[in-house]
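Subject: Structure handover

Hi,

Here is the structure I promised to pass on. Please open it alongside this email. My notes follow below.

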Amino acid sequence: QVRLEESGGGFVQPGGSLRLTCTAAGSGLKINGMGWHRQVPGKERELVAVIDDSGSAFYGDHVKGRFTITRDNSKNTVYLEMNDLKFEDTAVYYCVAHQEIAAYKYLPIWGQGTSVTVSS
């Protein structure tokens with residue numbers, strides 16, 4: 001069973017930086033895409049950034065130029081470097097990993113979330 005272990009959330013002032021880390025663990029790991037979404041109460045979960053196993057990344061418009069997603073395939077780990085944080089970045093950030101369950105079929109596995117609060 002695949003599980004995700006997230007870390008790195010916390011409190012930060014506007015303009016500050018945080019780095020989130022998410023590691024996939026378990027037996028039978030065959031991870032394709034990994035990424036981050038975020039959610040605030042009362043709103044839908046939204047894409048932050050995703051990256052495939054070749055390193056190609058895609059970002060939500062609201063974080064382009066400020067956030068950088070990278071991954072270490074040997075460690076099944078994805079990182080989210082968040083710079084120039086704004087009040088509106090406050091949310092619970094969820095890691096997602098797409099586990100291959102059959103040829104070209106993937107099951108999204110979600111982490112429990114890590115809270116990021118941007119406050120002065």
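Which residue in E8 is the bridge partner of Leu20? It is Leu80. Before the rest, please keep in mind that this is a predicted model.

**Strand E3 and its neighbours**

E3 and E8 are joined by six bridges and run antiparallel. E3 also pairs with strand E1, which covers residues 3-7. That pairing has five bridges and is antiparallel too. Within it, Glu6 sits opposite Cys22 of E3.

How enclosed is E3 by the rest of the structure? Six of its eight residues are buried, so E3 is largely enclosed.

**The disulfide**

Cys22 comes up again here. The count of disulfides is one. Cys22 pairs with Cys95, and their sulfur atoms are 2.0 Å apart. Cys22 is in strand E3 and Cys95 is in strand E9, so the bond ties together parts that lie 73 residues apart in sequence. The S-S torsion of Cys22 and Cys95 is about -85°, so this disulfide is left-handed.

Are the two cysteines buried or exposed? Cys22 has a relative accessible area of 0%, so it is buried. Cys95 also has 0% relative accessibility, so it counts as buried. The cut-off for buried is under 20%.

**The core**

The largest nonpolar core contains 28 residues. Trp36, Leu80, Met82 and Tyr93 have the most contacts inside it.

- E3 (18-25) and E4 (31-39)
- E5 (46-51) and E7 (67-72)
- E8 (77-82) and E9 (91-102)
- E11 (114-118)

So E3 and E9, the strands that hold the two cysteines, are both on that list.

**The largest pocket**

The largest pocket has a volume of about 170 Å³. Its lining is made up of 13 residues. Nearest its centre are Arg38, Val40, Lys43, Glu46 and Glu88.

What is the make-up of the lining by class? Eight of the lining residues are charged, three are polar and two are nonpolar.

Best wishes

How values were computed:
Residues are numbered from 1 along each chain as its sequence is written. This is a predicted model: local features need pLDDT of at least 70, side-chain atom pairs count only at pLDDT 80 or more; totals for chains, interfaces and linings use all residues. Side-chain values use heavy atoms; hydrogens and water are left out. A nonpolar core is a set of buried Ala, Val, Leu, Ile, Met, Phe, Trp, Tyr and Cys residues joined through side-chain atoms within 4.5 Å. Buried means under 20% relative accessible area, exposed over 50%, partly exposed in between (1.4 Å probe, protein chains only). Helices (H or I, at least four residues) and strands (E, at least two) are DSSP runs, numbered from the N terminus. Two strands pair if DSSP finds at least two bridges between them. On a 1 Å grid over the protein atoms alone, a cavity is a set of points where a 1.4 Å probe fits but cannot get out, and a pocket is an open set with protein on both sides within 12 Å along at least five of seven lines; lining residues have an atom within 4 Å of a point. Grid points are joined across faces, edges and corners, and a volume is the space filled by probe spheres set on the points. Ala, Val, Leu, Ile, Met, Phe, Trp, Tyr, Cys and Pro count as nonpolar, Asp, Glu, Lys and Arg as charged, and the others, Gly among them, as polar. A disulfide is a pair of cysteine sulfur atoms within 2.5 Å.
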